[in-house]
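Dear colleague,

I am passing on a structure that you have not worked with before, and I would be glad if you could look it over. My notes on it follow directly below.

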Amino acid sequence: MSTLARAKVQAKAHPLAVDAVLATAVLACMVAGSFVEPRHRDTVNWVLRTPDPLSLVLMVLGAAALVFRRRAPMTVLALTGTFSVIESVTGDPRAPVAMSAVIALYTVASTTDRPTTWRVGLLTTTVLTGAAMAAGPLPWYAQENLGIVAWAGIGATAGDAVRSRRAFIQAIRERAERAERTREEEARRRVAEERLRIARDLHDVVAHHIALVNVQAGVAAHVMDKRPDQAKEALSHVREASRSALNELRATVGLLRQSGDPEAPTEPAPGLDRLDELAGSFRNAGQRIEVARTDQGTVLPAAVDLAAYRIIQEALTNVRKHAGPHAKAEVSVVRVGPNIEITVLDDGSGEDADPGSGGGHGLLGMRERVTALRGTLTTGPRYGGGFRVHAILPVKNRTPTGEDPA
């Protein structure tokens with residue numbers, strides 16, 4: 001820290017000491033000015049003189065009042081103004097007691113608003129100048145009387161300028177602090193959204209592939225002794241599903257890497273172009289699935305394409321987990337005007353569902369994905385048995401921030 005900065009810190013920490021030093025300096029200037037007197041003849045000459053005892057007392061009182069100028073600026077101005085009026089009426093020649101009133105007027109102007117500065121400044125100038133012109137020993141047009149107007153105006157103007165500068169700096173500081181808080185809040189919001197998005201992706205990947213692995217592993221264990229060929233086929237499906245799960249997990253976790261980390265192999269985010277592959281993985285697990293599409297040729301934004309794939313993936317996973325392996329699922333992808341509608345139906349009763357499948361976050365994750373894209377999601381039981389998932393996604397991405405969530 002520099003010497004100037006250290007001095008400013010000390011001054012803010014001990015304002016009363018600073019005002020005491022200022023009062024001492026003002027007293028020294030007033031006393032020094034009281035020992036000389038201008039003589040106006042052909043030129044202005046300065047001659048030594050001895051100040052009156054009353055003038056010395058008034059100067060000391062005025063300087064002493066300045067020590068408390070920050071605590072009670074109006075009171076100090078009233079006291080110093082009174083001392084100046086007394087000196088203007090009785091002093092012959094005058095002593096510069098009005099200097100303390102000018103400092104007090106500056107303090108009032110720097111600590112109040114502009115209308116108050118105007119009113120107090122005009123009142124102080126009028127009282128001091130009027131008393132000097134009306135009751136003083138000098139003619140009303142004397143330079144000493146007119147000088148009071150100039151010095152009072154300088155004090156009020158300087159104080160108002162300092163107050164304006166302080167207010168400007170404070171406004172800049174508050175604006176910077178507010179902007180910093182806004183940036184921190186925005187950063188926290190983005191981090192929370194990113195964590196939620198990654199959590200949804202991880203849930204969809206893990207729930208889908210682990211469900212398939214669970215089914216195929218159960219099939220392999222059931223037919224291992226009697227039909228080894230079918231057990232090998234089931235284990236092959238387990239291996240394929242686990243490899244797909246690892247690839248998708250690697251791609252998802254790759255989003256968490258820092259910019260300077262070594263590159264890791266990743267694959268593009270899945271979309272509706274892999275719908276047949278997705279349906280095939282469920283068919284290999286023994287699920288009956290029918291897929292109908294009328295959206296050929298529709299180019300979807302990456303976020304919409306990924307959300308549509310994940311919704312179908314999660315819905316089919318729920319069919320397998322909750323409707324049972326013998327339930328039939330129907331998947332339809334239809335382009336309707338500016339939207340694309342996705343429907344997944346099943347006719348399962350849930351009686352032969354996997355007993356180890358419990359509640360999860362699948363429906364919640366689907367709803368969050370659809371809401372992020374300004375779409376709508378409807379889920380619920382079907383009349384006559386089964387479950388229905390219906391999502392409407394806009395073909396054009398309409399996220400709240402205008403950014404692509406992918």
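In this predicted model, the axes of helix 4 (residues 73–90) and helix 5 (residues 98–111) come within 8 Å of each other and cross at roughly 155 degrees. Because angles over 145 degrees count as roughly antiparallel, helix 4 is described as roughly antiparallel to helix 5, and the crossing of these two helices is left-handed. On the side of helix 4, the contact is made by P73, M74, V76, L77, T80, G81 and S84, while helix 5 contributes A98, S100, A101, A104, L105, T107, V108 and T111. Sorted by class, the residues in this contact are nine nonpolar and six polar, with no charged residue among them.

Two of these residues, L77 of helix 4 and L105 of helix 5, are also touched by T124, leaving aside residues up to four places away in sequence. T124 itself is found in helix 6 (residues 114–135), and T124 counts as buried because its relative accessible area is 11%, where the cut-off is under 20%.

As for the chain as a whole, there are eleven helices and seven strands, and 36% of the 406 residues count as buried. Among contacts with a separation of 6 or more, 69% are between residues 24 or more positions apart. The accessible surface of the chain comes to about 23500 Å², and 60% of that surface belongs to carbon and sulfur atoms.

Note on methods: Residues numbered from 1 in each chain as written. Predicted model: local features only at pLDDT ≥ 70, side-chain atom pairs only at ≥ 80, totals over all residues. Heavy atoms only, no water. Axes fitted to C-alpha atoms, helices over the stretch in contact; angles between N-to-C directions. Helix = DSSP H or I, 4+ residues; strand = E, 2+ residues; numbered from the N terminus. Parallel < 35°, antiparallel > 145°, perpendicular 65-115°, else oblique. Left-handed = near helix turned anticlockwise from the far one by under 90°. Contact = heavy atoms within 4.5 Å. Nonpolar A, V, L, I, M, F, W, Y, C, P; charged D, E, K, R; others polar. Buried < 20%, exposed > 50% of the residue type's maximum accessible area, 1.4 Å probe, protein only. Areas by Shrake-Rupley, 256 points an atom, 1.4 Å probe, with all protein chains shown as cover.
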